[in-house]
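Here are my notes on this entry, arranged as numbered points for your own reading of the coordinates. Please look at the structure first and then go through them in order.

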There are 2 protein chains.
Amino acid sequence: MSEPEQSENIPEDPAGKAKECPNGASCARSKEDLELAVAYVSDALYNRNIYFDTSPRAVRLYLLYNHWLPRVLVYVFILVDLSLAAFEEPAVLLWPLWATMLLELLCLLAFTLRLAHYAKVIPRDKFWKDPKNICIMVTLLLTLMDMIIYGALVVSGCSAVRWSRVLRPLLLVNVTEGRQLRRAFRSIRNALPEICYVFLLFMFSVLMFALMALKLLGKRGLKTVDGAPYFTNYLEIVLDLYVLVTTANSPDIMMPAYNSEVVFTLFFILYIFINTYIFMSAFLAVVFNNYKKYLKEEVRQLVRAKRHKMVRAFAILQERREAEAEPVVSRAHWRQLVRLVQPGISTAHRELLWSVCDLQNRGCIGKLAFVQLADLLNIEVITLKSRPHPLQNWFPTLYLSAPSRLLCRMVQHRAFVIVYDLIILVNAVIIGLDEENPIISNCEWLFLTLYLLEIVLKLYVFEPRSFFSKHSFWNCLSTSHIISTRFDTIIVVSALIATIINSALKSSGGYNSREILDIVFILRVLRLIRVVDSIQRFRTIINTLIRIGPAILTFGQLILVVYYIFAMVGMELFKGKVRFYGEDSSDPAKAYCGNPLLQGTAFAQSNYCRNNFNNVVSSFILLVELTVVNQWHVLSSGFATVTHASARIFFVVFHIAVVIVIINIFVSFVLEAFYVEYSVEKGDLQTSLERKIEELELAVAQEKLEENLVNNMETTDNDLGSGQSATRNKSTLMFKIASKRYRTVDAFLQRMFEADLDPEDFAENDEPEAQTSGNFANPTFSSA
Amino acid sequence: MSEPEQSENIPEDPAGKAKECPNGASCARSKEDLELAVAYVSDALYNRNIYFDTSPRAVRLYLLYNHWLPRVLVYVFILVDLSLAAFEEPAVLLWPLWATMLLELLCLLAFTLRLAHYAKVIPRDKFWKDPKNICIMVTLLLTLMDMIIYGALVVSGCSAVRWSRVLRPLLLVNVTEGRQLRRAFRSIRNALPEICYVFLLFMFSVLMFALMALKLLGKRGLKTVDGAPYFTNYLEIVLDLYVLVTTANSPDIMMPAYNSEVVFTLFFILYIFINTYIFMSAFLAVVFNNYKKYLKEEVRQLVRAKRHKMVRAFAILQERREAEAEPVVSRAHWRQLVRLVQPGISTAHRELLWSVCDLQNRGCIGKLAFVQLADLLNIEVITLKSRPHPLQNWFPTLYLSAPSRLLCRMVQHRAFVIVYDLIILVNAVIIGLDEENPIISNCEWLFLTLYLLEIVLKLYVFEPRSFFSKHSFWNCLSTSHIISTRFDTIIVVSALIATIINSALKSSGGYNSREILDIVFILRVLRLIRVVDSIQRFRTIINTLIRIGPAILTFGQLILVVYYIFAMVGMELFKGKVRFYGEDSSDPAKAYCGNPLLQGTAFAQSNYCRNNFNNVVSSFILLVELTVVNQWHVLSSGFATVTHASARIFFVVFHIAVVIVIINIFVSFVLEAFYVEYSVEKGDLQTSLERKIEELELAVAQEKLEENLVNNMETTDNDLGSGQSATRNKSTLMFKIASKRYRTVDAFLQRMFEADLDPEDFAENDEPEAQTSGNFANPTFSSA
């Protein structure tokens, strides 16, 4: 059972204030009540689990706490704090000590303020019980301590280590908004015991094979390619065989034995089969199963907490009506609430949601309908207005003339897309050719013109405002088009600008800016991506990959935390041991990376000098190389040569932490996401919303819309004689569910496990006690 | 929807002969009827789907066809046919042409005979409709043709190619018994379209990145470590980037760009992230999903076919009884049937199965109970007799004396196991030390004595017959003990014998046989495996891994087929191009593998000369190395150097076929097996069988049995005065379900998907029509 975050709880008795309105009329709610309800609903919407104080002042502070500005600011300060590593010794760009110290103090101050704000929001006892807060405070204190000690030591001329830098990523984990990241860490922690057992068994197998290898091969006097003795030292064998599991030294490690006798290959093949294939798959299997199991449990708890919060919000806004048996929420209150929770939502969209909730058109909704609001708001609905093209308004005769209409039809035709796909393919070939050739470089202008022409034509045919709006009209015509016209337009226009600048520079001073040329090249190649978009099957696959996006962001943070810690430790251990001399340097030390110990090693021979821990950027790049695994034994033995054999431990630990644990979690996520994409259908609520949209005849069907456009034009054409008809000016509202997009990661996860979730989690129980007494221990509800 | 094998069908109307017995007595069935029923039941038991003729002669021939001897013979001939590659040019050991030709002709004859036998068994039209048979015949004919052409060409002195050798593995696939292998191939074929789409998208991404790399890096005049131009040729870049996806040339491919400027690493990191992590996970996800989907469908069909065959067998044996409303099968017929289907089953076990079927003790069973017989027989039940130790019979006073009983208790105590685990650990350390030291080598004798003592002690305490029986007593005490005492005993005794032989050889002539010493070492190390068995958690993991065993066998065949084809092609393409000179050779050509073209290449420098296609054994080893992926670019460029650049295609195709498709299917299987192990519970039928066993008080509980042993002894001790009591001589029968072992791969698969299977597949419908009209198109039943 996973542990939910201790103090993120919902208050004990918020419903105490709920007013009873004996008369049938809707009775007004105080501003405080409304704010409390807003806090609950927005917590439910974003799956926040903060046990805030329900006093009006605390609620107002809480709403401020959740405002986007302070949240963004905290992340900016974390970013500043983390990137300080680039300016501290060993630095990419060394800043004076006082500058980095001052910046760090500023960051610490910001974190302290944020924490103080949080302390004001939640009850004191809850605050002190939360390990997150304790962790942040300890981190801040330790950092301050370390800064003072370090400053004092540096001033007194002693050498000192800024050990507290390892703690910096902890702030990213423990910040209130880091829920996804904490969940990922919990997921890892939960899988850890199982991984440990498999790992021990795997290590046992490696040790056994190493013992066998020592006995079989150690005494034969074999030599490696370098002439070193082969398989004579037990510890070396264990390390070599461990590296073989990662396949990094295959087949080299086998060759001496193979050259001596064929039978020995059986030993290695058996080893690779058991340890690389069976055990590595077993690791993936264990991580995958645990990941699925615990994530399901957590999402289930999230769903429960969400319903619970909605029930509380309902309790605040509810009123009794004579006509209704159950307490209800009036339309006015509901509207106020939605407007406060999601100010960005359009009135039309809000009315649509209301009509989904209030199916019987009673003017008020019961608890059941109210509770689904959080889920309804999570469904992304595109509101769009179909209005005539502005050109149609300005030059109706011209725009609706026969040639113009023919042009519109041509642009909308499938052949138009195919022609442009062909142009792109030809362009791809041209790009591959030598651009020094004047014909080729002139071709670029031709293609740019063609692409611009396409954009102009589309602007002519489609309504420009919707073309450039957030959920563009064109985008909506085929919602799954991931490479939107906007992206395309940006690329083409940027390419145009960059090409013009480049040509200007070239023709003026003969100076050819390398950077601008690079950008031009990249933009040119990026233009080609559009081809993929034309093929339906590719689009589905890409959509799946893109939908993993939010989860990849979480994994990005996870990797950042782990990399940062390893980079800090690595920099302290290995800084300055390996030196990189520029390409043009003629220093003889260049051949052995400035460290005579490396002379003749594979590390120096492979020209790996730049793979060092001399600053945070090269550390990160080196860690990426270690994550990719290949040649990691060369890298690790290089650093072991310049320091001590035990330095390999650092690299092995990194391999276990990142490759065996984190990468497998990443693969698990991709597996699960593909599985969901292949099997899970739309959720119930989405279906009911979609049905409602269709019922109200506001749906946007892809073909229908395209037809509409043309028909619309034709109708307007027909009644052109009667001047500006009502039909043309009426801007028809239309809705479309961006069915597979989710506003939050949680909503995506919820959908992922919707099929597996216990239906009781979706049932609205009136008594919170009934939920608490459920058969799963949920500390979140223990106080309710 | 997967295509089941076309002609493996069940006959149209076998039930026509079912007799009606108007009187209540059981009416005897003819031998022919019984044989037909046996054929059906054993087909259901082993999931054979052969549409055999129901004439008595054909049924008898069919039973002969399924006899173990011809089946084993066919596999022996296939093995001989496949291993001919080792003796044909280019050979491991060259045999004269007439010898291999003669052997191959013999094999062809055997296959023809087997096919002729099959043709006799099934109806003519079904035989010719089966693609398997056509495939075998075409293979045989083509092979014969090729042999004649090759023979003629060789005799006339021309050079010739034995191209038909590529077809040999097809026999393994198309043989009647190769159902599992065909299923694996079908699984691959079904996943192929989806894989293709992802692959195309992946290739598009690689091509785009290559274009970008060409534009960004091609003009900078960078050099690789070898001084070659870096990223200037588009095709080379594509190949390099493809290799980077397999991580084989990371980070070397990045280093020149990284050395020139840090920003370029962004390009490579993005490339690795998208192509190595995202796309490779996507391949696994697609293969995994397809694998699950189609396998489920196939297993569902298998289950249906099985029920159907059982219904037909029932129809043959059924009779009407006055007391019963429905037709039934009498106990006598049931017994005859089970005895014929599974001759190895003990009478007690048979009676147990009957009592599970005939729950009401009516002396006959209905259709519902009859149909589950196939599943019941698939549950492995261990029958064991608890009888007193023979020593107790021979020397009762001595065996039951106080010191003897104390000894028994000691051996059964947990501490005994722990002491021996510690001894093994000490042994492990000793093995690791230098065995030239006389003290250490004498230690070996000590340990051997200790291990022998353990075996003797166990033999003293436990009944020797059960100790050595197939499902040993000891084994049964803890069914999950995978490293059984028997395995342990064999290892210890072999080690003893080998050590004695080695010492004898050593002391006699001072001659130290390397081979025997190697075996001694391996046996010594293998002894250590026992430690793992003591820890419960390890046992579970190992059990899961072992349970994948049968599936791994199927994958072994799959890999064999693919490797064989690639080896044959590779040998024709690359034989003799790379030469290996022995370790002691002083030939200067040794440095460049006998091919001047290889001078200075990474291939020769890494000493990869023995990785060649000069015979079938080294080809297979090379293919294993290519499967492991690392350094495959060095190998492929080596062979491209000695032949032609297009030779790389061979290696890329191999990579796609084996690493992207087959290894992913293997990983999918491991994932699924672990998932099953973690989530699926015992099947219903097993539960009912287990309940019955418990009901009959025949269950073997682990602790109970251990207690029983001691109690038994104590009771016998108490009534020792009354001489040979009945209690002691009575051999109590006991049963235990080896709950997680399955006799056939199909049964295992069935369990794997049991949870997902439509319950209707398990319902016994009386009308076959009702099954046929089900909502899934099942060609197997289209004729019913």
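**Notes on domains, interface and core**

1. In this predicted model, the C-alpha centres of domain 1 and domain 2 of chain A lie 28 Å apart. The domain assignment of chain A places domain 1 at residues 51-175 and domain 2 at residues 550-679.

2. The contact between these two domains of chain A draws 13 residues from domain 1 and 15 residues from domain 2. On the side of domain 1 that touches domain 2, helix α7 (residues 168-174) of chain A supplies the largest share, which amounts to 4 residues. By class, that side of domain 1 of chain A consists of 11 nonpolar and 2 charged residues, with no polar ones.

3. The UniProt record, an unreviewed entry, puts the feature "domain: Ion transport" at residues 73-294 and 416-679 of chain A. Over residues 73-294 of chain A, the chain is 73% helix and 0% strand, and the C-alpha atoms at the two ends are 32 Å apart.

4. Between the chains, 68 residues of chain B are in contact with 68 residues of chain A. Several helices of chain B give two or more residues to the side that touches chain A, among them α8 (179-217), α11 (264-317), α19 (414-432) and α31 (648-679). Which element gives the most to that side of chain B? It is α11(B), with 12 residues. By class, the side of chain B that touches chain A holds 48 nonpolar, 13 polar and 7 charged residues.

5. As for the relation between the copies, chain B is superposed on chain A by a rotation of 180 degrees with 0.0 Å of shift along the axis, at an RMSD of 0.1 Å. The two copies are therefore related as by a two-fold rotation axis. The same surface serves both copies, in that 100% of the contact residues of chain B recur in chain A.

6. The largest nonpolar core has 240 residues, and those with the most contacts inside it are A:A213, A:L241 and A:V670 together with B:A213, B:L241 and B:V670. To take one of these in detail, and leaving aside residues up to four places away in sequence, B:L241 touches B:V206, B:F209, B:A210, B:A213 and B:Y271.

Definitions and conventions:
Residues are numbered from 1 along each chain as its sequence is written. Chains are lettered from A and ligands numbered from 1 in the order in which they are written. This is a predicted model: local features need pLDDT of at least 70, side-chain atom pairs count only at pLDDT 80 or more; totals for chains, interfaces and linings use all residues. Two residues are in contact if their C-beta atoms, placed from the backbone, lie within 7 Å. Ala, Val, Leu, Ile, Met, Phe, Trp, Tyr, Cys and Pro count as nonpolar, Asp, Glu, Lys and Arg as charged, and the others, Gly among them, as polar. Domain bounds come from an automatic or database domain assignment. UniProt positions are given in the numbering used here, feature names are shortened, and annotations may be inferred rather than shown by experiment. A nonpolar core is a set of buried Ala, Val, Leu, Ile, Met, Phe, Trp, Tyr and Cys residues joined through C-beta atoms within 7 Å. A residue is buried if 20 or more other C-beta atoms lie within 10 Å of its own, exposed if 12 or fewer, and partly exposed in between; C-beta atoms are placed from the backbone. Copies are superposed by least squares on the C-alpha atoms of residues with pLDDT of at least 70 in both.
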